[in-house]
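I opened my notebook to keep track of what I looked up in this structure. Here are my entries, in the order I made them.

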Amino acid sequence: MDPSGTGTLLQSDTLSMMTRREWTPSLSTHLRLMVSDVSDLQGIDPGGDRSYGQLRVGIGWGLAPQWGLTLDYRLVGQRFDPRDADAVSNAVTLTLVYGSEGAD
């Protein structure tokens, strides 16, 4: 709702899942999946309707007791209604991690 007192009622439905597997004390993998759907329930702004999905997979290596390295791939897709506009993005990240608990 904006300061004038008008606004749009949106419904957001989201399903997410994450799993992680530790292969050895220093090697692990993870998978994350999220799917979301946002709808304008009042029909005021049909351009606000969109579907969104994200898939993320990665692998982590413990290099030393407090150091680790993580490699991730992320795929994101969106669809906007009513224009049927699509957007897709890909990203690969390599992260050096330092922490008192170690990295994984």
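This is a predicted model: local features need pLDDT of at least 70, side-chain atom pairs count only at pLDDT 80 or more; totals for chains, interfaces and linings use all residues.

I looked up the overall layout and found zero helices and five strands. Read along the sequence, the pattern is β-β-β-β-β. The five strands form an open sheet in the order 1-2-3-4-5, with antiparallel pairing. I marked strand 1 (10–24) and strand 5 (85–98) as the edge strands, since each pairs on one side only. From one strand to the next, the twist averages 10°.

I then checked strand 1 against strand 2 (residues 27–40) and found 14 bridges in the antiparallel sense. Threonine 24 has leucine 27, in strand 2, as its bridge partner.

**Entry: the chain as a whole**

I asked how much of the chain is buried: 14% of its 104 residues count as such. The chain exposes about 7,300 Å², and carbon and sulfur atoms supply 57% of that area. Among contacts between residues at least 6 apart in sequence, 46% join residues at least 24 apart.

**Entry: aspartate 72**

Next I went to aspartate 72, in strand 4 (residues 67–80). Is aspartate 72 buried or exposed? I found a relative accessible area of 9%, which means buried, because the cut-off for that class is under 20%.

Beyond its neighbours within four places in sequence, aspartate 72 is in contact with His30, Arg56, Val57, Gly58, Ala91, Val92 and Thr93. With the side chain of histidine 30, the aspartate 72 side chain makes a polar contact at 2.7 Å. Threonine 93 is 21 residues from aspartate 72 in sequence, yet their C-alpha atoms are 5.2 Å apart.

**Entry: salt bridges**

How many salt bridges does the structure hold? I found three.

One of them joins arginine 56 and aspartate 72, at 3.5 Å from N to O. Arginine 56 lies in strand 3 (residues 50–64) and aspartate 72 in strand 4, so this pair ties together parts 16 residues apart in sequence. I noted arginine 56 as partly exposed, at 24% relative accessibility.

Another is between arginine 79 and aspartate 86, at 3.2 Å from N to O. Here arginine 79 is partly exposed at 35%, and aspartate 86 is exposed at 52%.

I also logged glutamate 22 with arginine 20, whose closest N and O atoms are 3.6 Å apart. Arginine 20 is partly exposed, at 37% relative accessibility.

Methods. Residues are numbered from 1 along each chain as its sequence is written. Side-chain values use heavy atoms; hydrogens and water are left out. Helices (H or I, at least four residues) and strands (E, at least two) are DSSP runs, numbered from the N terminus. Buried means under 20% relative accessible area, exposed over 50%, partly exposed in between (1.4 Å probe, protein chains only). Contact means heavy atoms within 4.5 Å. A polar contact is a pair of N or O atoms within 3.5 Å; within protein, one must be able to donate a hydrogen and the other to accept it, and residues adjacent in sequence count only if both atoms are side-chain atoms. Accessible areas come from the Shrake-Rupley method with a 1.4 Å probe; for residues, only the protein chains shown count as cover. Two strands pair if DSSP finds at least two bridges between them. Axes are lines fitted to C-alpha atoms, for helices over the stretch in contact, and angles run from 0 to 180 degrees between N-to-C directions. A salt bridge is a side-chain nitrogen of Lys or Arg within 4 Å of a carboxyl oxygen of Asp or Glu.
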